[in-house]
Amino acid sequence: MNTQNVSEAHTGGICPEDNEQCLKSEKAAIKIQSWWRGNMVRWTLLHAALRAWVIQCWWRSMQAEMLEQRRRLALRLYTCQEWAVVKVQAQVRMWQARRRFLQARQAACIIQSHWRWHASQTRGLIRGRYEVRASRLELDIEILMT
């Protein structure tokens, strides 16, 4: 809108065009209107920027939370895998230790049986008797060699 249309709209065509007072009023009204529109635009932009900032903050916090959840899940999976490896290693070591123990026990049994056989072949008959009297133990042992 140019100045003439504004002046006709505001004054309804009553004000003559050459009147300086009317022109000053119209210019002042135009300045006020532009100032008001500028304020409204700035207010709208400010509030839009604030809303965008709030959304961005929320989105960043959600991203950080999702990243933390993924990190925790990865850590949980890693620990589960590590525990599985540790359990398998423990089972293998236990199996190896048990196998070595059984081999050692079998060897000890063989040695004991051979020793008993050898001892029974090389010694004689042992006879003995014992009596318990008051607080003393009397023991008589006889070894007979054949």
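Is Cys57 buried, exposed or partly exposed? At 31% relative accessibility, Cys57 counts as partly exposed, because that class sits between the 20% and 50% cut-offs. Cys80 is partly exposed as well, with a relative accessible area of 49%. As for disulfides, the count comes to 0. A disulfide, remember, is a covalent bond between the sulfur atoms of two cysteines.

Before going further, keep in mind that this is a predicted model. The protein averages a pLDDT of 83, and 71% of the residues score at least 70. Where pLDDT is low, the predicted coordinates should not be read in detail.

Now for helix α2, which covers residues 20–122 and holds Trp43. Trp43 has a relative accessible area of 48%, so it is partly exposed. This tryptophan also belongs to a nonpolar surface patch of about 610 Å², which it makes together with Ile32, Trp35, Trp36 and Met40.

What about the aromatic rings? A search of the whole structure turns up 2 aromatic pairs. In one of them, Trp35 and Trp36 sit 6.3 Å apart, centre to centre, in a tilted arrangement with 45° between the planes. Trp58 and Trp59 form a tilted pair too, with 6.1 Å from centre to centre and 45° between the planes.

Conventions: Residues numbered from 1 in each chain as written. Predicted model: local features only at pLDDT ≥ 70, side-chain atom pairs only at ≥ 80, totals over all residues. Heavy atoms only, no water. Patch = residues over 30% accessible without salt bridge, like charges linked within 9 Å, V, L, I, M, F, W, Y side chains within 5 Å. Areas by Shrake-Rupley, 256 points an atom, 1.4 Å probe, with all protein chains shown as cover. Salt bridge = Lys/Arg side-chain N within 4 Å of Asp/Glu carboxyl O. Helix = DSSP H or I, 4+ residues; strand = E, 2+ residues; numbered from the N terminus. Buried < 20%, exposed > 50% of the residue type's maximum accessible area, 1.4 Å probe, protein only. Disulfide = S-S within 2.5 Å. pLDDT = per-residue confidence, 0-100. Phe/Tyr/Trp six-rings, centres within 6.5 Å; stacked < 30°, edge-to-face > 60°.
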